[in-house]
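Biologist: Hi! Could you walk me through this model? I'm new to reading structures.

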Amino acid sequence: MAAPHDPASRRYVQWSVISLVVLTLVTLLVGFVWLPSAHPDFSAQGIWAAICRAAGVPTKWGESTEPVKARVSTSVILPDVARSATSPAAIGLGATLALQQCTMCHGAQGVSAADTPNLAGQYPEVIVKQLVDYKNGHRTHSVMQALAANLADDDIRNLASYYASLPKPRLETTADDSPPPALVRVGDPVRNIAPCASCHGGIDRKLGTPWLENMPKRYLEDQLHAFASGARRNDSHAQMRNVVRQMTKSEIAEVSEFYARRGMPTGHR
Amino acid sequence: MFLARKLVLAHFWVAFVAFALALVLGEWQMYVRSPLSGWVGNPEHYYRSVTAHGTVMGYVLPTLVAMGFGYAITELSLKRPLIGITWAWAGFWLVVIGTVMAATPVALGQASLLYTFYPPMVGSAFYYLGVVLVVVGSWVWVALMAINLRAWKKANPGATIPLAMFGNVAGAYLWAWTAVGAAIEILVLILPVALGFKDTIDAGLSRVFFSWTLHAIVYFWLMPAYIAFYTIVPRAIGGRLYSDTMGRVAFVLFLVFSMPIGIHHLFADPQVGAGFKFVHAVFTAMVAVPTFLTVFTIVASLEIAARLRGGKGVIGWVKALPWDNAMMLAVTFSFVMLGLGGAGGIINMSYQLNETVHNTQWVTGHFHLIFAGAIVIMYFMVAYDLWPQLTKCRPLSTGLIKLQLWTWFLGMLVMTMPWHLVGLLGMPRRMAYFDYTHPDLQAQAWTVTVSTIGGLVLMVSGLLFIYILAAARKGAAEPAPYTFSAAAHPGERTPLALNSFAIWVTMMIALTVVNYGFPIAQLATLKETSVPAVRIGGQ
């Protein structure tokens, strides 16, 4: 890397450096002075402001550096699941209560053929949310509202602990190994339908969503129609209502059928 | 002679095996989003595959090819054993370990970031550390190229550096300075977040640093192809290099102009001022100069070959070119793709025209045509040309090579032309699936199918390339001594300035400071520019 000494080489270097400097200066002049001067947005406040704008110096939004402090919310409305979830006493109390009030329709082990939702192994916060909603009248059902009205907060937590502790029906043996419908896997972005599996398990699970496998088809279909018509409106942020409103009757039947058949013992229909 | 044979072979084999795997992934990506297949169940799988494809094709393949080819050039052109072969092996293993380290989190879905990182997305720290190791391994190569050149100069005072070595070292210096941007981005901005020390990241500044690397890396990929144009093609087709000096001018112009132009990747980014975007657009246009010089010089060299073979007339000599020669075919295909891709590139770098094609399939079409087309087809030729030297095999089958070149060329056109078309119609890039039942998209569905077929042809061609190399019988023949192209005017005096790098490296760094200094300094000092990191892979 010796410094060039011969005159021809020196001319090469001089010519190269001068051309590069001239090119750079001309480009800077065009980019920072001439082009901005053609735009009223840039040139309204004079040449220095125009150069600063072209250089990307923030004008207005950079002046106040102190962000507006929002008031911090202290009220967190989430079902208090963690506290009782693992206590054997809570499970025992819940079991006693369930024996008296729930088994008639939901089955001795939380699974029934009476077209009621399966509760065995259901996430505790799901059961809490639905019972509280029945109690407060946010979800309507002639039987469930009457039953929930008399439940204390602790009763509800105990029931949730009990049902969460029951084993889910085995999902390995499935009557149907056909691939899930497209709506379950990928949804339909153009119609703003998120895939079922992105909340109800498969891709991801979101807090407060139930697992659906082996739920009665009739129940699932009824609930989807209730969401679509607005008869049921206890879904947070109207998530289910917004999704189902976009679905056709046959799509509702298809996804209900899919979840109903999942986990059903072979040969069962 | 040629002590580094095993070293070069190791670089090439790792590069090409990784290339073949990434090629299969690429075709899988094409297939799952085409109408030929249902929607990919989990879009994350698609982006995982895109990340692996891009990381291998963008970092691993070109880096290893440039390194291996560089070691070969050092011994073959300087005609002395490579100094620091132990260090070279250490660099090689750093690249291999880095590749495995980066590939593992990608395969596990912990780093589906695409190879361009895209902060505020932040993936597994191992991915970034792997990329850093690949770069550090390649810096060993940069240092060895400088050391070998210096030792040769000391032993041959006043002698002209062979053109191949001159281009090789220009590429090494270019890469050393280019990689600094991404290295700063990873080490200073991303890793603290990936390691959990911070939860926010300055995405705008990160993108500016990455643009520092992002465009010049393209010219690092391109250097081996240009070295092949100047120093292998004329010899392989029985001609002479029209001008050795023009080659040097092209290499130093790449050194100066390819570096400070990356902000043309950020035309849609609000954090960079319009003035700097314009300046970068102008310097991007300057890169056309060494490209045109090269095309002119190489075509002139082809004409020399044709006239030596009895070609006559202003245009008539074209018929006398050795069209049955694989290298002739390759350079023709490469120039056609370079021409089409280069024209597209001029549209991309124009500040206003870019608006039309920004983030569309057009861009994907452009860089596949230029890199995977014009450049990688020359990587193939470099491997074919060196293979008898590396493995002492008999000359490779010209028929198979020509089949491989034809399929690569046609496959590339079939794949990228529909991408250009739908890009103009507005089809976005980086989509895991398209809803072809939508009336607006239905009309474009056929283009994705055609591209998939092009991709299939490319995959077959790439695997044929591996087959041709693997099927060569080792040790079957002692190769003739390797030669680079002879110049048409041997003994032409090379100006000292074109026989050294100091002045050009200085200009490269100075121009970088002018073009990047202010945007980086401003973004680094601006307060409240960080945003919450988006962690990938459920961390």
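Biologist: Where is B:P120 found?

Modeller: B:P120 sits in the loop between helix 3 (85-107) and strand 1 (121-122) of chain B. Helices (H or I, at least four residues) and strands (E, at least two) are DSSP runs, numbered from the N terminus. The peptide bond from B:P119 to B:P120 is cis, with omega near 10°. Most peptide bonds are trans.

Biologist: Before we go on, what kind of model is this, and how do the numbers and letters work?

Modeller: This is a predicted model, where local features need pLDDT of at least 70, side-chain atom pairs count only at pLDDT 80 or more, and totals for chains, interfaces and linings use all residues. Residues are numbered from 1 along each chain as its sequence is written, while chains are lettered from A and ligands numbered from 1 in the order in which they are written.

Biologist: Thanks! How many helices and strands does chain B have?

Modeller: Chain B has 17 helices and four strands. Its C-alpha atoms fill a box of roughly 60 × 50 × 45 Å along the principal axes.

Biologist: How does the radius of gyration of chain B agree with a compact globule?

Modeller: A compact globule of 539 residues would have a radius of gyration near 24 Å, and chain B has 23 Å, which agrees. That radius is taken over C-alpha atoms, and the globule rule is 2.2 Å times the number of residues to the power 0.38.

Biologist: What share of chain B counts as buried?

Modeller: In chain B, 55% of the 539 residues count as buried. A residue is buried if 20 or more other C-beta atoms lie within 10 Å of its own, exposed if 12 or fewer, and partly exposed in between, with C-beta atoms placed from the backbone.

Biologist: New topic: which residues do chains A and B bring to their contact, and how many?

Modeller: There are 32 residues from chain B and 32 residues from chain A. Two residues are in contact if their C-beta atoms, placed from the backbone, lie within 7 Å. On the chain B side, helix 9 (274-286) and helix 17 (502-525) are the elements that give two or more residues. Helix 17 gives the most, with eight residues.

Biologist: And what are the residues on that side of chain B like?

Modeller: They divide into 21 nonpolar, eight polar and three charged. Here Ala, Val, Leu, Ile, Met, Phe, Trp, Tyr, Cys and Pro count as nonpolar, Asp, Glu, Lys and Arg as charged, and the others, Gly among them, as polar.

Biologist: Why does B:N359 count as partly exposed?

Modeller: Because B:N359 has 14 C-beta neighbours inside 10 Å.

Biologist: What about B:E528, is that residue buried or exposed?

Modeller: B:E528 is exposed, with 12 other C-beta atoms within 10 Å. B:E528 also has a positive phi of about 55°, although it is not a glycine. Its place is in the loop between helix 17 and strand 3 (531-532) of chain B.
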